[in-house]
Amino acid sequence: MNVQEALVLDPAIRNWVVIPIALILIFVSALKFNIANLMSQTERKQSLQNIMELQTILRAKRLATNSNRIPYQSFNSRKQYFTNRETGILIAKEKNTSSNPMGVLGNAFKDQSGVTDMLKGNIVNFVPQVGLMAWVNHFFSGFVAVKIPFFPLTIRFKTFLQRGIEMSSLDVSYVSSLSWYFLCWFGMEGINSILLAEKYQPNSTLYASQLEQGVPPQQQPITQLYTNERENIELINHDWLMENVEQRFLNKLKNIEEVKQSNKTSTTKSSSSSSLLKDKKKK
Amino acid sequence: MDINQSEVAQLKEYREKVYKKSFDAKLVIEFLRFLRITKLRSTRLVADLGSTLLSKYFSKITTENEVTNTFSVCVAYDIVEQVVLALLECNKAKEASEFIEDRLVKKFGEKSVRVSRLRAMQLECSNTFGKANDIYVGVLEKYPADQLTMKRQVSILKSKGQYQQAITMLNTYLQAFMIDPEAWLELAHLNIKLLSFKNAMFCYEELILAAPINYIYYVKYAELIYSIGGAENYIVALKYYTHSLELNNHTSQDNAIPPTNLTALYGIIMCIFSFCNTHGYGTTKLREPQIELYQWCQSELRAITAKYTPHKLSIVNAFIQHTDVLNK
């Protein structure tokens, strides 16, 4: 153990390995931040068609859940609107896509904007990381760069802290240059948010927030959702909620009265309306 | 919409505070923030206080907040937008345009959609609808799915009095944005203005589907059915009035707040009255619970009037006697 403690790191390593790696990482992440901003400025435009499809589904769902609250004729006209064999909007859609040779598959791949957005984000993240790793690996491989000061770590950290140095006798608290690079990379988030967040981006809020509330990109093909909703609506058994509403309401009133009566066993007279109601019941 | 009682109380408190003291920038900022969050409206106050705030203390808002929170600079511009809208509502287009040009255009440039929308609204306020519409058309070319801009276009047609066109436009809007309750409500209003109750009914059905426990929609829906008339419709209207009472009946609430659904009580009485009159059979065709409900409404109406507005009791009594179908 004593031999290992005596391991001295050359100050030149500090000057030419540790500090440059950290500095370059800061620069790169600042650049990355700005490039990501530039790219996200070409904001997603939502096509009317897309919105319409999503809202149709939501509206059909509403009809399915609350259909009992509207009269039968109104419900029926809506049902026709959605599910009529020739003109129903949930069916017309199905026909269109099934005539398409690609069918459901074609529909799934139709919307590419979400994919390209993800690709952009990945490129911005991925390219500099690969480049930097190659750079560190090439120039600084094999350097023991830093020693962790506080306490000895278990042997399991060896692969994490000493990547690029295959030496079983080296104490775990020494960090290789490649691992130093990774540590810096992961720790950069917090520093970035302090350094860069002061910069004010008008675009992020004033520009976009009210413009177009983004609807999450569709995963499931829209025709399948349409079919589900159509089946839901077709299966509804319309049972008008208002059929017996008068009796129900009167029962409710009586219940309230009873509760009140049992609560107020004292001499306080209940309100005039309730007493009138009771009188009527006696008659 | 349902109003939160505690928020209203808070609004009152704020109003008193704001009136009492001499101008206090911090309090005003807080007040404006409160209004933005709760979406309550107090336009005149916002216009007055806000314009002083912006013209005298604007630098203070931006600098002060920058230290505490990095995102508050946006808040400063949210305040500008809020105040500009309030000014436009108070018909102070000139002041509003000053703020737009000085603060917003300088900051966000000519191309910002939100700023150009405000500009167009300012043009609307000063009655130059053509130019405003041009701006909206330009925005829609770039962003064909911009809801607010489309709505503004409808409102231009409405303020020009071209209701028919407004309805067509709103219909095309609703083809895409068919779950927007605000638009359905507006379409219902326009249809009522043109006396096409059937179409308005459709809109209210849509609203009921969207917000099934909001009693106001049921009241309005019942009123429409009643207005269309016919013996069957009177009974349907009666049912919907009753349902609105089910959702908002003051007896189930605290008695300190005056009842808010008197319309339904009057509506039920009128429904029964009209039903009996058109039918010619009198009360024989009514079902037992309907008559009971009718009597309950009469007594309830009397009780409420006696409690909250006793001086109108004679009028209400006259109404009840006139519409009384049982003792005729």
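This is a predicted model: local features need pLDDT of at least 70, side-chain atom pairs count only at pLDDT 80 or more; totals for chains, interfaces and linings use all residues.
When I say that residues pack against something here, I mean contact, that is, heavy atoms within 4.5 Å.

I start with helix H10 of chain B. H10(B) runs over residues 181–193, which makes 13 residues. From its first C-alpha to its last it reaches 18 Å, close to the 18 Å expected at 1.5 Å a residue. Which residues of H10(B) are buried? They are B:Ala183, B:Trp184, B:Leu187, B:Ala188, B:Leu190 and B:Asn191. These six cover an arc of only 165 degrees around the axis, so they sit on the same side of H10(B). The background is simple: an α-helix has 3.6 residues a turn, so residues three or four places apart point the same way.

What do the buried residues of H10(B) pack against? In chain B, the partners are helix H8 (147–160), helix H9 (163–176) and helix H11 (197–210). Chain A contributes helix H3 (48–66).

Now the two ends of H10(B). At the start, a side-chain oxygen of B:Asp180 comes to within 3.2 Å of the backbone nitrogen of B:Glu182. Just after the helix, B:Leu195 has a positive phi of about 60 degrees, although this residue is not a glycine. B:Leu195 is in the loop between H10 and H11 of chain B. Its relative accessibility is 62%, and exposed means over 50%, so B:Leu195 counts as exposed.

There is another non-glycine residue with positive phi to look at. B:Asn127 has a phi of about 65 degrees and is found in the loop between helix H6 (113–125) and helix H7 (129–142) of chain B. Is B:Asn127 buried or exposed? Exposed, with a relative accessible area of 58%.

B:Lys158 lies in helix H8 of chain B. B:Lys158 is partly exposed, at a relative accessible area of 29%. B:Lys158 and B:Leu190 are 32 residues apart in sequence, and their C-alpha atoms are 8.5 Å apart in space. Neighbours within four places in sequence aside, the contacts of B:Lys158 are B:Tyr163, B:Ala166, B:Glu186, B:Leu190 and B:Lys193.

Next, the loop between H13 and H14 of chain B, where I will take two asparagines. B:Asn261 lies between helix H13 (231–247) and helix H14 (262–279). With a relative accessible area of 5%, B:Asn261 is buried. Its side chain makes a polar contact with the side chain of B:Ser244, at 3.2 Å. Beyond four places in sequence, B:Asn261 is in contact with B:Tyr215, B:Val219, B:Ser244, B:Leu245 and B:Asn248.

B:Asn248 has its place in the loop between H13 and H14 as well. At 6% relative accessibility, B:Asn248 counts as buried. Which side chain does the side chain of B:Asn248 meet in a polar contact? That of B:Tyr215, at 3.3 Å. B:Asn248 and B:Thr260 are twelve residues apart in sequence and 7.9 Å apart in space, C-alpha to C-alpha.

Now the rings. How many aromatic pairs does the structure hold? Over all chains, 18. In one of them, the rings of B:Tyr14 and B:Phe34 have their centres 4.9 Å apart and their planes at 35 degrees, so the pair is tilted. This pair links distant parts of the chain: B:Tyr14 is in helix H1 (residues 5–20) and B:Phe34 in helix H2 (residues 25–38) of chain B, 20 residues apart. Both B:Tyr14 and B:Phe34 are buried.

For B:Tyr221 and B:Tyr240, the ring centres are 4.8 Å apart and the planes are at 85 degrees, so the pair is edge-to-face. Here B:Tyr221 belongs to helix H12 (residues 215–228) and B:Tyr240 to helix H13 of chain B, 19 residues apart. B:Tyr221 is buried at 0% relative accessibility, and B:Tyr240 is buried, with 0% too.

In chain A, ring pairs join A:Trp135, A:Phe139, A:Phe140 and A:Phe143 into a cluster.

Last, charges over rings. B:Lys17 lies over the face of B:Tyr14, at 5.5 Å from the ring centre. Between the chains, A:Arg78 lies over the face of B:Phe202, at 4.0 Å from the ring centre. That is where I stop.

Note on methods:
Residues are numbered from 1 along each chain as its sequence is written. Chains are lettered from A and ligands numbered from 1 in the order in which they are written. Side-chain values use heavy atoms; hydrogens and water are left out. Helices (H or I, at least four residues) and strands (E, at least two) are DSSP runs, numbered from the N terminus. The expected span of a helix is 1.5 Å times one less than its number of residues. Buried means under 20% relative accessible area, exposed over 50%, partly exposed in between (1.4 Å probe, protein chains only). The arc is that of the directions from the helix axis to the C-beta atoms. A polar contact is a pair of N or O atoms within 3.5 Å; within protein, one must be able to donate a hydrogen and the other to accept it, and residues adjacent in sequence count only if both atoms are side-chain atoms. Rings of Phe, Tyr and Trp (its six-membered ring) pair if their centres lie within 6.5 Å; planes under 30 degrees apart count as stacked, over 60 as edge-to-face and the rest as tilted. A charge sits over a ring if NZ of Lys or CZ of Arg is within 6 Å of the ring centre and within 35 degrees of the ring normal.
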